[in-house]
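Visitor: Hi! Could you walk me through this fold?
Guide: Happy to, let's have a look together.

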Amino acid sequence: SLCITTSSALRGRAGERLAARHLRRAGHLLLARNLRHPRGELDLVTRVGPHLVVVEVKTGLTSRAPLSARFSPSARLRRRLAAAELARRWDLSPRLDLVEVLLSEGGRVTRIHHTRDL
């Protein structure tokens, strides 16, 4: 069996599962995973209170550079626009969040950091 730290695709899927669990515990209702949208794939879409939240998930190893640096301004803008379009459908307020999941070389979670309202 592959260790989740050896494959970026496996690591990304594991990070999305961990982020979804973290968000549910924080009161979010998970609406969609890997939603295909004209502005790009949306990792997670949740609802919390009056907000429809598009959540970008970045998963990496603790030994690497900050993950938020891999979330470019143009990608942020596309996700914000997607959030606004989706939120209008349900008369909710749009929000863009970032969840960074850091794993050890052995695949254990070392940190989950949730940045709200980018």
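Guide: Helix α1 (residues 8-25) lies across β1, β2 (42-48), β3, β4 and β5, and runs at about 135° to β3. This is a predicted model, where local features need pLDDT of at least 70, side-chain atom pairs count only at pLDDT 80 or more, and totals for chains, interfaces and linings use all residues. Residues are numbered from 1 along each chain as its sequence is written, and side-chain values use heavy atoms, with hydrogens and water left out.

Visitor: How are helices, strands, contacts and angles defined here?
Guide: Helices (H or I, at least four residues) and strands (E, at least two) are DSSP runs numbered from the N terminus. Contact means heavy atoms within 4.5 Å. Axes are lines fitted to C-alpha atoms, for helices over the stretch in contact, with angles from 0 to 180 degrees between N-to-C directions.

Visitor: And which strands does helix α2 lie across?
Guide: Helix α2 (residues 73-89) lies across β1, β2, β3 and β4, at about 130° to β4.

Visitor: What's the strand order in the sheet?
Guide: The open sheet of five strands runs β1-β2-β3-β4-β5, with mixed pairing; two strands pair if DSSP finds at least two bridges between them.

Visitor: Why is one side of β1 and of β5 left without a neighbour?
Guide: β1 (29-35) and β5 stand at the edges with a single partner strand each, so one side of each has no neighbour in the sheet.

Visitor: Parallel or antiparallel for β3 and β4?
Guide: Parallel: β3 (residues 51-61) pairs with β4 over 11 bridges. Threonine 59, for example, has valine 101 in β4 as its bridge partner.

Visitor: And β4 with β5?
Guide: Strands β4 (residues 93-103) and β5 (residues 109-115) are antiparallel, over six bridges.
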